[in-house]
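User: Hi! I have a structure open here and would like to talk it through with you. Could we go over it piece by piece?

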Protein chains: 4
Amino acid sequence: MLDSVKEDALKRMNYVDGHLAGVRRMIEDDQYCVDVLKQTYAVRRAIQKIEAVILEGHLHTHVIEGVRDGRDQQVLGELMELYNLSER
Amino acid sequence: MLDSVKEDALKRMNYVDGHLAGVRRMIEDDQYCVDVLKQTYAVRRAIQKIEAVILEGHLHTHVIEGVRDGRDQQVLGELMELYNLSER
Amino acid sequence: MLDSVKEDALKRMNYVDGHLAGVRRMIEDDQYCVDVLKQTYAVRRAIQKIEAVILEGHLHTHVIEGVRDGRDQQVLGELMELYNLSER
Amino acid sequence: MLDSVKEDALKRMNYVDGHLAGVRRMIEDDQYCVDVLKQTYAVRRAIQKIEAVILEGHLHTHVIEGVRDGRDQQVLGELMELYNLSER
């Protein structure tokens, strides 16, 4: 992983950790379900953003290298696998 | 929140926390992007499952009470708000 | 289904039909894949909007009646089934 | 678009058209909202499958060519654009 991607992803992971700790407290404190759910949706969006950062780095490193090295079946197959997993 | 829902949700939160800590280590250890992404997808699925548990509890408590108490505009409006947020 | 919901849903179905016919022509005319995919995403969004219209009508008719008539297990069970289907 | 992809996509479009015509009849005949929604979800899944077919073809043609021709910024930027659109 590129250093810049790694740094960005880890910074965003910190944010997700803090956000999830807040959700836990909301559940422990019996806050209103609707408010809890809005927060878990926001956590999932934040994770999706981490995924976008990692995927973009992946495309610009491993995928390019794979295509140039003749391993396109492998790297493109992996992309389709991720796509199908994310669409489920 | 019903005690059974709360307990189930918090137990699942523990699992998500552990899973996310594993993802963090994968990023720190420069593991392959594709493997990291498969794990973040799994974390999001686990959060969605927590949401389903909370939503089901919500329907069987607040929504039923709201409809019986004549506050159906409020509780159904909240459900549509959640639906639209989750579909984004 | 309420007449207003039905009318709105059918009008939106006309739009989706026209949009899909456009996508078909794009495929037949060998347009660029990326442009075709942007249009199919838009079609799916339009279908999701129809679903929101139908769901909202459903909540305000069958769900309210079901809860008031003591059939809450049935109507809430159906909502959870739809939720789980839509999240897949 | 590859001929095999085009043929597969158009065949699947026929299926989607027929499915959507069935949904329209369900709405016109005042069928139960829950049953209508299950069908629209199935239609969206069928469209997602068309998208997967087109995307896979796109990766194995335009993306590979783009990377080999030094236009990787363009083709990878388009992939990220599609990814972000589909995740919304």
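**Helix α3 of chain B and beyond**

Analyst: Happy to. In α3(B), the buried residues are D72(B), V75(B), L76(B), E78(B), L79(B), M80(B), L82(B), Y83(B), S86(B) and E87(B). Keep in mind that this is a predicted model.

User: What do the buried residues of α3(B) pack against?

Analyst: Helices from four chains: α2 (33-68) of chain A, α2 (33-68) of chain B, both α2 (33-68) and α3 (72-87) of chain C, and α2 (33-68) of chain D.

User: And how many residues does helix α3 of chain B have?

Analyst: It has 16 residues, 72-87. From first C-alpha to last, α3(B) reaches 22 Å, close to the 22 Å expected at 1.5 Å a residue.

User: Let's switch to chains C and D. How many residues are in contact there?

Analyst: 40 residues of chain C are in contact with 40 residues of chain D. The area buried between these two chains is about 4,300 Å², and carbon and sulfur atoms give 67% of that. On the chain C side, R24(C), I27(C) and R44(C) lose the most area to chain D, together 15% of what that side buries.

User: What about polar contacts between chain C and chain D, how many residue pairs?

Analyst: There are 16 residue pairs in polar contact, counting those where both residues are at pLDDT 80 or more. On the side of chain C that touches chain D, α1 (3-28), α2 and α3 of chain C each supply at least two residues.

User: Which of them gives the most?

Analyst: That is α2(C), with 17 residues. Sorted by class, the side of chain C that touches chain D has 20 nonpolar, eight polar and twelve charged residues.

User: Are R44(C) and E51(D) buried or exposed?

Analyst: Both are buried.

User: And K38(D), what does it pair with?

Analyst: K38(D) forms a salt bridge with E81(C), the closest N and O atoms being 2.9 Å apart. K38(D) is in helix α2 of chain D and E81(C) in helix α3 of chain C, so this pair joins two chains. K38(D) is partly exposed, at a relative accessible area of 26%, and E81(C) is partly exposed too, at 38%.

User: How about D8(C), where is its salt-bridge partner?

Analyst: D8(C) forms a salt bridge with R12(C), with 3.0 Å between the closest N and O atoms. Both residues lie in helix α1 of chain C, four residues apart, about one turn of the helix. D8(C) is partly exposed, with a relative accessible area of 24%, and R12(C) is partly exposed at 29%.

User: Last one: why does H58(A) count as buried?

Analyst: Because its relative accessibility is 0%, and buried means under 20%. H58(A) is found in helix α2 of chain A.

User: Which residues does H58(A) touch?

Analyst: Leaving out residues up to four places away in sequence, H58(A) touches V63(A), E78(A) and L79(A), along with Y32(B), C33(B) and V34(B).

How values were computed. Residues numbered from 1 in each chain as written. Chains lettered and ligands numbered in written order. Predicted model: local features only at pLDDT ≥ 70, side-chain atom pairs only at ≥ 80, totals over all residues. Heavy atoms only, no water. Expected span 1.5 Å × (residues − 1). Buried < 20%, exposed > 50% of the residue type's maximum accessible area, 1.4 Å probe, protein only. Contact = heavy atoms within 4.5 Å. Buried area = accessible area lost by both parts, 1.4 Å probe. Polar contact = N/O pair within 3.5 Å; in protein donor to acceptor, adjacent residues only side chain to side chain. Nonpolar A, V, L, I, M, F, W, Y, C, P; charged D, E, K, R; others polar. Salt bridge = Lys/Arg side-chain N within 4 Å of Asp/Glu carboxyl O.
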